[in-house]
Amino acid sequence: MDTSNEIQKVLIAKAQKSSSFYLFAVIIAILLWSTSFVGTKIAYNSFPPLTLGAARFVIASFILGAIMLSRKEFIRPAPKDMGLMALSGILGTTLYFALENIGLELTTASSAALIVASYPAITALLEFIFFRVKISWLKGLGIVMAVVGVYQISGGSSGESSGQLTGNLILILAGVVFATYNFTTRKVVRNYSMVTVSFYQTIAGTLAFIPLALIERSRWQMPSVDSLWMLLYLGVFCSVAAFMLYNYGLRNLSSGTAMALMNLVPLFGVLFSTVFLHEVLHIYDLIGGMIIIVGVILSVREK
């Protein structure tokens, strides 16, 4: 009897340790994503936004290809699925990060982190508008709160400069593109592993990014050592490692828990922006950010 109880205690302890490990993996991924706003700002010292996006995903493509080779996962998707992966790659890699990088160049990293936090609510709103997905009054309230919070940060205060306002509006447009990317990816993600989907998406997005980078040829310069390190960091850690850690954590955590943890991104993003970039966070940004976070929690709340 005592032996049975001891075995049960050991199994429970192992299960708790395993769950903690999955949770730790997701939190590390969120920390890495939160630093991307600061890393991107530092890399702008040498790289213009579109060039930085293209270079970042060239690195990510090579790393994902190496992962697929090591796991022997090279699969040729069906032509229809390949087309959807290419489309979602252009949406989620090329268009989204082109808009995010341009917007981030014009606004502050802290404002960008807070606006990006509203993307789950924007996705839920577009699902309601275009796909007639039913929403509860609580979820609807969350969406409205997130929209109000974004307005508060983007244009609700007279303290915004015209350039910063433009950057914020571009980031909101990036949120619409992000939602469209999610709708497209859902159609293929169930048929293939996430590594396979991400590889083909990244390849398509990178190929479409390169012509955009050529537009900025007049702004190209010899990159500094700091900018090169930031480029490598964005490509390796923010584009690949964070994604792998996040999906590893999803093996054990519910989607609701993972989405709730994603609300740490704006908090850490603002913290890192304040500490490393010495950005000043205005009161209307704080109010808008809190409204967004509460709204997103309500809008993605599971039963």
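Here is a quick tour of this predicted model, from the whole chain down to a helix contact and some aromatic rings.

Residues are numbered from 1 along each chain as its sequence is written, and side-chain values use heavy atoms, with hydrogens and water left out. Since the model is predicted, local features need pLDDT of at least 70 and side-chain atom pairs count only at pLDDT 80 or more, while totals for chains, interfaces and linings use all residues.

**The whole chain**

The protein chain has 12 helices and 0 strands. Both kinds of element are DSSP runs numbered from the N terminus: helices are H or I with at least four residues, strands are E with at least two. Of the 303 residues, 48% are buried, meaning under 20% relative accessible area with a 1.4 Å probe, protein chains only (exposed is over 50%, partly exposed is in between). The accessible surface comes to about 15500 Å², and carbon and sulfur atoms hold 69% of that; such areas come from the Shrake-Rupley method with a 1.4 Å probe. Among contacts (heavy atoms within 4.5 Å) with a separation of 6 or more, 89% link residues 24 or more positions apart.

**Two helices side by side**

Now look at helix 4 (residues 109–116) and helix 11 (residues 264–276), whose axes come within 8 Å and cross at roughly 180°. Axes here are lines fitted to C-alpha atoms over the stretch in contact, and angles run from 0 to 180 degrees between N-to-C directions. That crossing makes helix 4 roughly antiparallel to helix 11, a label for angles over 145 degrees. On the helix 4 side, Ala109, Ser110, Ala113 and Leu114 meet Pro266, Gly269, Val270 and Ser273 of helix 11. Sorted by class, this contact has 5 nonpolar, 3 polar and no charged residues.

**Aromatic rings**

The whole structure holds 11 aromatic pairs. Rings of Phe, Tyr and Trp (its six-membered ring) pair if their centres lie within 6.5 Å; planes under 30 degrees apart are stacked, over 60 edge-to-face, and the rest tilted. Two of the pairs are shown here:

| Pair | Centre to centre | Angle between planes | Type |
|---|---|---|---|
| Phe178 and Tyr181 | 6.4 Å | 35° | tilted |
| Phe199 and Tyr200 | 5.2 Å | 70° | edge-to-face |

Phe178 and Tyr181 sit 3 residues apart in helix 7 (residues 162–185), so about one helical turn separates them. Phe178 is partly exposed, at 26% relative accessibility, whereas Phe199 and Tyr200 are both buried. Phe178 and Tyr181 also belong to one aromatic cluster, together with Phe57, Tyr96, Phe97, Tyr119 and Phe209.

Definitions and conventions: Parallel < 35°, antiparallel > 145°, perpendicular 65-115°, else oblique. Nonpolar A, V, L, I, M, F, W, Y, C, P; charged D, E, K, R; others polar.
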